[in-house]
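Thanks, everyone. Let's take a quick walk through one structure. Please have it open as I talk.

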Amino acid sequence: MENVVIIGSGPAGYTAAIYAARANLEPVLVSGMQPGGQLTQTTDVENYPGFENPVDGTLLVETMRKQAERLGVRVLMDEVTSCELSGDAKKLKTEINGELEARVVIVATGASARYLGLESEKLLMGKGVSACATCDGSFFKGQRVAVVGGGDTAMEDALYLSRMAERVTVIHRRDQFRASKIMADRVLGSDKIDVVWDSVVEEILGAETGAVTGLRLKNVKSGEVSELELQGVFVAIGHVPNTSFLSGQLELDAEGYIVADRTRTSVPGVFAAGDVQDRSYKQAVTAAGSGCMAALEAERFIDSN
Ligand code: NDP
């Protein structure tokens, strides 16, 4: 049986692994099939302390992996599909490595992009609809694109896309952004970005041709419906926590986030770190901080059981 299995390979998972390894707990980290978490979908990170200049998100998380492996963490490229967490031996079923058993589990599986939920969005996914500007932006060089959302992700995506697209339109359902002022000001100050306020996407057009051709928008205040011609739509409306594999094992809140008190979940010996338990901060540095807390809690739990 392992001492500690950590599920997830973003800053929360790697920080937990680094601390657990340095406490001689010989942790195993299950990385998921798309390792690295949300940092791999961002470009310049300029708010993670320790880097004078912006650092590439993928590079940052890759460096965390190398640091963890140097300290002896075993990283398994695998996915946990289901689990049984109530006993002293926590059981994790994985896609490739069969069943893992551990005295302590740290869940750091993060969150994934939320979508609008339109049928046309599903049909045109990968054909002009994307939730990752840094992955797909370069397909839209010289074209017109929209970003849906008013948070920091939407601002970051709009600014990134404005470097290559002919025109970027941000569509937001209210008349003011949720994003931080510095990001919002950059967007509002760009001459390649315009904003459609108080509006929602009713339909993504182009399903019959197999490629996005435009959007049908509705102004939520006036009820007015309009169409916008473009080739790409980037959905940036927040995230949903990756907790489906837990199915009833841990207490979750109404939106599926793990309920945790100082990383302690409803089940003894199971700790949660990072965005999977964080509805409010959702930063790489807070995820890393909670990964550290989870590992310290894990160490205390093992010492006292
Ligand atoms: P947020 O939850 O902050 O913002 C989501 C946005 O999408 C909101 O403007 C919301 O509107 C809108 N929205 C939600 N659901 C819908 C819907 N169904 N239809 C239309 N619009 C919708 O998520 P983000 O991903 O932007 O950011 C998450 C966290 O990560 C934040 O804490 C953010 O600060 C942080 N972050 C920081 C970055 C940085 O500092 N460089 C970069 C990216 C993210 P409304 O405002 O009306 O609720």
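Start at Asp-152. One of its polar side-chain atoms lies 2.6 Å from an oxygen atom of the ligand. Keep in mind that this is a predicted model. Now look at Thr-153. Here too, a polar side-chain atom is 2.6 Å from an oxygen atom of the ligand. How much of the ligand does the protein cover? The ligand on its own has 920 Å² of accessible area, and the protein covers 77% of that.

The ligand is surrounded by 19 residues. Asp-152, Thr-153, Arg-173, Arg-174 and Arg-178 are the closest. What kinds of residue make up this shell? Nine are polar, six are charged and four are nonpolar. Helix H5, residues 152-162, gives the largest share, with three residues. Domain 1 covers 2-112 + 239-303, domain 2 covers 115-235, and each supplies at least three residues to the shell.

Next, a second site. Look at the second largest pocket. Its space comes to about 150 Å³. Which elements give two or more residues to its lining? They are helix H1, 11-22, and helix H2, 57-70. H2 gives the most, with four residues. On screen, pick out the lining: Thr-15, Ile-18, Tyr-19, Tyr-48, Phe-51, Leu-60, Thr-63, Met-64, Gln-67 and Ala-288. Seven of the lining residues are nonpolar and three are polar. None is charged.

So, two places to look at again. Around the ligand, the shell includes six charged residues. In the second largest pocket, the lining has no charged residues. That's my tour. Thank you.

Note on methods. Residues numbered from 1 in each chain as written. Predicted model: local features only at pLDDT ≥ 70, side-chain atom pairs only at ≥ 80, totals over all residues. Heavy atoms only, no water. Near = heavy atom within 4 Å. Polar contact = N/O pair within 3.5 Å; in protein donor to acceptor, adjacent residues only side chain to side chain. Areas by Shrake-Rupley, 256 points an atom, 1.4 Å probe, with all protein chains shown as cover. Nonpolar A, V, L, I, M, F, W, Y, C, P; charged D, E, K, R; others polar. Domains from an automatic or database assignment. 1 Å grid on protein atoms, 1.4 Å probe; cavity = no way out; pocket = protein on both sides within 12 Å on 5 of 7 lines; lining within 4 Å. Points joined across faces, edges and corners; volume = space filled by probe spheres on them.
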